[in-house]
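Colleague: Please walk me through this model, starting with the strands and then the aromatic rings.

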Amino acid sequence: MEVETEQGETGKSVMCVLTDPEGTTLGGTMYLPQNVGPIQLQQIVNTLLKNEEKLPYAFYISNQELLVPLGNYLEKNKVSMEKTLSIVYQPQAVFRIRPVNRCSATIAGHTEAVLSVAFSPDGRQLASGSGDTTVRLWDLNTQTPMFTCTGHKNWVLCIAWSPDGKHLVSGSKSGELQCWDPQTGKPAGNPLTGHKKWITGISWEPVHLNAPCRRFVSASKDGDARIWDISLKKCVICLSGHTLAVTCVKWGGDGVIYTGSQDCTIKVWETSQGKLIRELKGHGHWVNSLALSTEYVLRTGAFDHTGKQYSSPEEMKKVALERYNKMKGNAPERLVSGSDDFTLFLWEPAVSKHHKVRMTGHQQLVNHVYFSPDGQWVASASFDKSVKLWNGTTGEFVAAFRGHVGPVYQISWSADSRLLLSGSKDSTLKVWDIRTKKLKQDLPGHADEVFAVDWSPDGEKVASGGKDRVLKLWMG
């Protein structure tokens, strides 16, 4: 009789194993009652991890978020009770970003297309680069122009803030770079020359490796990448080896530089002498875009959603290193590449020169790839008018976001990784909800193609710019 009750009990429970996104199990196999849902699982995970502060977690079973008790899930998905259910737990941002839903300002000023927009790491300032050869800095409190930075002789193609927020660099179609002081809008020194063709990308050395920020790397259509030191005001290392244009560049958290090229390869460089460490091959056509799993913390350095300011570079470096280590965990930094061959590749360059996963499904070239701030997702924007969502650890396809009627040029994430923004040739911006995999907000308003979008690190605002020459700010 005793045995029967025991069997009856196990019949009612589900055999589960909890794992982190990398697949490391937490606490072995467990028998959980069928009425256990996300709230009870949160308690279990917090207990097993001995978290002093209770953290929020989301739970995923084969890439779908678990929102109901286990019994309901098994029934709905017709999963056998005999099988062990693998549940992935993922820490969630403690704060929530409000979805943007209205245009709060349309700021004229540029006389040609706006080609790039970027918020400062603390989210307090906004910069834009344009075909009118100027960089502009905007006051986000009054939503008015603050400085017009003049000096370039050709289109400003890209801009990048240093992660300590002290410098802004812009690169032009004629191949020159200019460093600006964001407090005054004045050039910091003469233009930096050396590249023979236009600048395709700029990336700063992470602040947790070096504070205050001094070095950045630029990529050019001339086939080289160059490391510059702004205090020496010159190029200190030239990274040559690509046989065609370098299209994108990222300075990784471990101190290496990644360059993607039209020669179909991605090269990994060390930054003390500029030696080539390894070459990542696999793409059948131009590499257009690179993204790092740690990119959000590299971009924001010591700044987070609380808006805390820092008194010294040392303090900044320390906090940035803590944020980086927490974000990275025990896993290697991941790199994702998007290409003209319609595919993405997921790499772990510190571990292997071979790709981890090839991600297929787009019907046209992949223009932009971007990891979510928590590293859990990869989003890709394509000329096939869709945005696709992938698992950031395994590379598995998760969802396709359809709604744009033109090529998608650029994407940006909200700081809490719950919302994704896309800008398109169809003149609209769209906000997608990662949990429901549906369109959250349609943002029309631009009169022409939207080339550039950015979501401020503090989550409060979105900026967009494009062919209609205006900058739009959007709020929740």
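**Strands and rings**

Modeller: Strand β3 (residues 57–61) runs antiparallel to β5, and four bridges join the two. Strands are DSSP runs of E, at least two residues long, numbered from the N terminus; a pair needs at least two DSSP bridges. The model is predicted, with local features needing pLDDT of at least 70 and side-chain atom pairs 80 or more, while totals for chains, interfaces and linings use all residues. Residues are numbered from 1 along each chain as its sequence is written, and side-chain values use heavy atoms, without hydrogens or water.

Colleague: Which residue of β5 is the bridge partner of Y60?

Modeller: That partner is V88.

Colleague: In which sense do β1 and β5 pair?

Modeller: Strand β1 (residues 13–19) and β5 (residues 85–91) are parallel, with four bridges. Here L18 stands opposite I87 of β5.

Colleague: On to the rings: how many aromatic pairs are there?

Modeller: There are nine, counting Phe, Tyr and Trp (six-membered) rings with centres within 6.5 Å; planes under 30 degrees apart are stacked, over 60 edge-to-face, the rest tilted. F401 and W432 are stacked, at 5.1 Å centre to centre and 10 degrees between planes. F401 belongs to β30 (residues 397–401) and W432 to β33 (residues 429–433), so the pair ties together parts 31 residues apart in sequence.

Colleague: Are F401 and W432 buried or exposed?

Modeller: Both F401 and W432 are buried (under 20% relative accessible area, 1.4 Å probe, protein chains only).

Key:
Buried means under 20% relative accessible area, exposed over 50%, partly exposed in between (1.4 Å probe, protein chains only).
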